[in-house]
Amino acid sequence: MKFYERDTESRLRLLAAEGSLATQDLELLSDCAALPRAVAEHLIENQIGVFPVPLGLAEHMLVDGHAYRVPMATEEPSVIAAVSNAAQRVARSGGFHTQVLREGIPAQIVFLDHSHTREDVQATQMQEFLAARQDTITCVADDAHPTLRSHGGGLRSVTAQAHDGFLEFDLLIDPGEAMGANIVNTIAQAVARYLGSQLPGHEPLMAILSNATAQQRVRASAEITMQSLATSDMSGETVARRIVEAARFAQCSGLRAATHNKGVMNGINAVVLATGNDTRNVGAAAYADLDDSRRTWTTWTIRTEGRKPGLLRGTIDIPLPIGSVGAAISTLPMAGLAMRLLGQPSASQLMGIMASVGLASNLSAMRALVTRGIQAGHMKLQLSSLAMMAGAQGRELDDLTAALRHNPAQANLTEARRLLTQLRADGE
Ligand code: MEV
């Protein structure tokens with residue numbers, strides 16, 4: 001029997017018999033309430049277990065007047081603390097405000113054009129070709145996904161272009177509340193078959209959605225008072241000015257923009273994952289929106305109005321092709337739980353929450369960078385992760401973390417193991 005034809009139990013037996021898995025590995029792979037084997041083995045091929053990462057809640061998130069505790073799935077120690085910390089500062093001046101655009105996901109239908117017709121002539125012919133078939137194309141799209149219209153979605157537009165020896169038809173498909181990858185690909189393939197039947201002599205190449213989803217985007221903004229930004233040794237005005245310069249530097253430096261953007265995605269990805277959305281799709285869409293003239297999704301300025309003291313104002317403008325219903329959201333029990341914790345938001349509300357979390361994550365990182373430096377805030381969680389790596393368990397974890405804190409500069413795995421041995425010896 002082939003590996004993929006076996007069920008999970010039989011794959012595990014095989015791997016154990018081969019010596020690839022030891023007894024403790026089998027325990028790690030045993031059934032998991034958060035994603036039962038009965039579900040997991042039908043989600044992917046060759047499934048042998050599940051891969052849990054911690055799920056936590058970012059607090060103090062006030063988005064468009066709603067207070068949320070936002071579920072975030074991440075293995076990076078400081079991400080949730082960073083978001084909660086910034087969200088609390090933002091909540092003091094009214095929270096995050098969002099505007100969402102959900103117009104559709106693009107799809108490309110591509111034919112090889114062997115006709116050697118001039119591109120401008122070809123373009124005119126394609127316009128006429130489309131104009132004559134517009135209604136049929138809409139019917140073909142509706143038939144391919146008969147329930148989509150009743151959910152407020154459907155084909156929104158079709159355009160054509162001829163370039164570089166290709167004929168390209170671009171569809172824009174509104175997926176309703178879903179992320180829409182399956183919907184869009186199903187419709188694109190159906191329309192491609194129809195167009196192929198109308199374009200004899202043109203070789204069909206592919207029909208696939210594009211992850212450059214500029215029309216599924218969200219803008220979130222936040223204002224923070226100077227008082228909320230101050231540290232024990234830096235005034236709020238100085239912190240704000242330095243944050244604005246840090247954001248400007250990200251726009252000027254590709255090297256820095258990569259890290260600045262990673263800080264934003266630390267927050268967004270964790271919510272995307274927790275809610276059963278597609279992290280790769282969101283990453284592809286977000287980065288496809290950037291280029292050398294726009295290196296990051298966030299901007300930070302100081303706003304002064306009349307005689308009022310200034311406010312630090314941050315905005316994020318980012319494509320987020322996500323859904324509030326759909327395959328993984330319904331099948332992954334933890335995604336369902338995350339959506340319940342959020343009060344079953346619509347796709348637009350969820351986009352607003354995600355973008356706000358990204359902005360909060362960015363604010364926290366920059367405030368740390370331009371004040372005490374990033375390591376100071378990360379230290380406690382990093383030391384406790386080092387303590388775990390050294391093998392500390394139960395109460396030992398707190399004790400070893402505290403011992404490592406006495407000399408953070410010396411904290412490494414060897415030192416953690418030495419201190420753990422000493423703690424155990426002292427405890428006997
Ligand atoms: C670490 O995961 C993310 C940061 O490096 C982001 C940043 O530098 O802005 C802290």
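Start at the ligand and select Asn266: one of its polar side-chain atoms sits 2.9 Å from a ligand oxygen atom, a polar contact (a pair of N or O atoms within 3.5 Å). The protein covers 86% of the 300 Å² of accessible area that the ligand has on its own (Shrake-Rupley method, 1.4 Å probe; for residues, only the protein chains shown count as cover).

A quick note before moving on: this is a predicted model, where local features need pLDDT of at least 70 and side-chain atom pairs count only at pLDDT 80 or more, while totals for chains, interfaces and linings use all residues. Residues are numbered from 1 along each chain as its sequence is written, and side-chain values use heavy atoms, with hydrogens and water left out.

Next, pick Arg256, which has a polar side-chain atom 2.7 Å from an oxygen atom of the ligand. Then try Lys262: an N or O atom in its side chain is 2.7 Å from a ligand oxygen atom.

Now head over to helix 12 (333-341) and strand 1 (55-63); helices are DSSP runs of H or I with at least four residues, strands are E runs of at least two, numbered from the N terminus. Which element gives the largest share of the nonpolar patch? Helix 12 does, with 3 residues.

Finish on Leu57, in strand 1. Leu57 is partly exposed at 35% relative accessible area, between buried (under 20%) and exposed (over 50%), with a 1.4 Å probe and protein chains only.

Terms used
A polar contact is a pair of N or O atoms within 3.5 Å; within protein, one must be able to donate a hydrogen and the other to accept it, and residues adjacent in sequence count only if both atoms are side-chain atoms.
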